[in-house]
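Try each task before you read its solution.

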Amino acid sequence: LRLFRNRTLSIAVITMTLFMIAFFGASLLYPQYFIGVRGETTLMAGLLLAPQGLGAMLTMPIAGRLTDKMGPGKFVMTGLALITGGMIAFTQLTAETPYWILLGSLLIQGLGMGMTMMPIMSAALATLKNSQVPDGSTLMNVVQQTASSIGTAVISVLLVNNLKSAATGGMDAAASGFANTFIVAVVLVAVTL
């Protein structure tokens, strides 16, 4: 707990917590939408998520290298803005939303994720003394895992409640239930920003 005396680490922990709750909570929704509303197979749902991974793959190494030179602030802010922008499309879901919109939005979110996670971790650990780095690294991993679990639980409960209220309305109502759940995730990412 002494690590929290470090202001930079404390800010990074708060940012990471909010980000992980929002981003990984929302990550649960994508395959569920593709399978439950669009009728895709599990394999196809996984393939449809590939743009998000590709986006992160493109920006993560660049952001990691440049964070050391320029600091994390610009990358994290830009990354969070990209995630927010990409996620907004999912607040407008219907049962027929064109795949190119969804895949483009996932790519944008992936670009943002690659610019967010590594710089936050770097910011958290960069100001620590060498003797504190193992504890700081462990702390960030615990925060990451705990916040992801909280996000998954909260978003799951919201989705179930939204789907219950839409139970008799068919696929458009189900898509609306997903869209309403994504609104919460977008708000959380915006709060992180």
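**Exercise 1. Find which residues have the most contacts inside the largest nonpolar core, and which element gives the largest share of this core.**

Solution. In this predicted model, the largest nonpolar core holds 48 residues. Met16, Phe19, Tyr33, Met87, Leu93 and Phe182 have the most contacts inside it. Next, look at the elements: H1, helix H2 (29-36), helix H3 (42-48), H5, helix H6 (99-114), H7, helix H8 (133-165) and H9 each give two or more residues to this core. H1 gives the largest share, ten residues.

Now zoom in on Met87. Setting aside neighbours within four places in sequence, Met87 touches Phe23, Ala26, Tyr30, Gln109, Phe182, Ala185, Val186 and Val189.

**Exercise 2. Decide whether Leu82 is buried, partly exposed or exposed, and list its contacts beyond four places in sequence.**

Solution. Start by locating Leu82 in helix H5 (residues 73-88). Beyond four places in sequence, Leu82 contacts Ile108, Gln109, Leu111, Gly112 and Met115. For Met115, the C-alpha to C-alpha distance from Leu82 is 9.1 Å, across 33 residues of sequence.

**Exercise 3. Describe the largest pocket: its volume, and the classes of residue in its lining.**

Solution. Of its 15 lining residues, Ile11, Ala12, Thr15, Val76 and Ile120 are closest to the centre. Helix H1 (7-27) supplies the largest share of the lining, five residues. Sorted by class, the lining has eleven nonpolar, four polar and no charged residues.

Key: Residues numbered from 1 in each chain as written. Predicted model: local features only at pLDDT ≥ 70, side-chain atom pairs only at ≥ 80, totals over all residues. Heavy atoms only, no water. Helix = DSSP H or I, 4+ residues; strand = E, 2+ residues; numbered from the N terminus. Contact = heavy atoms within 4.5 Å. 1 Å grid on protein atoms, 1.4 Å probe; cavity = no way out; pocket = protein on both sides within 12 Å on 5 of 7 lines; lining within 4 Å. Points joined across faces, edges and corners; volume = space filled by probe spheres on them. Nonpolar A, V, L, I, M, F, W, Y, C, P; charged D, E, K, R; others polar. Core = buried A, V, L, I, M, F, W, Y, C linked by side-chain atoms within 4.5 Å. Buried < 20%, exposed > 50% of the residue type's maximum accessible area, 1.4 Å probe, protein only.
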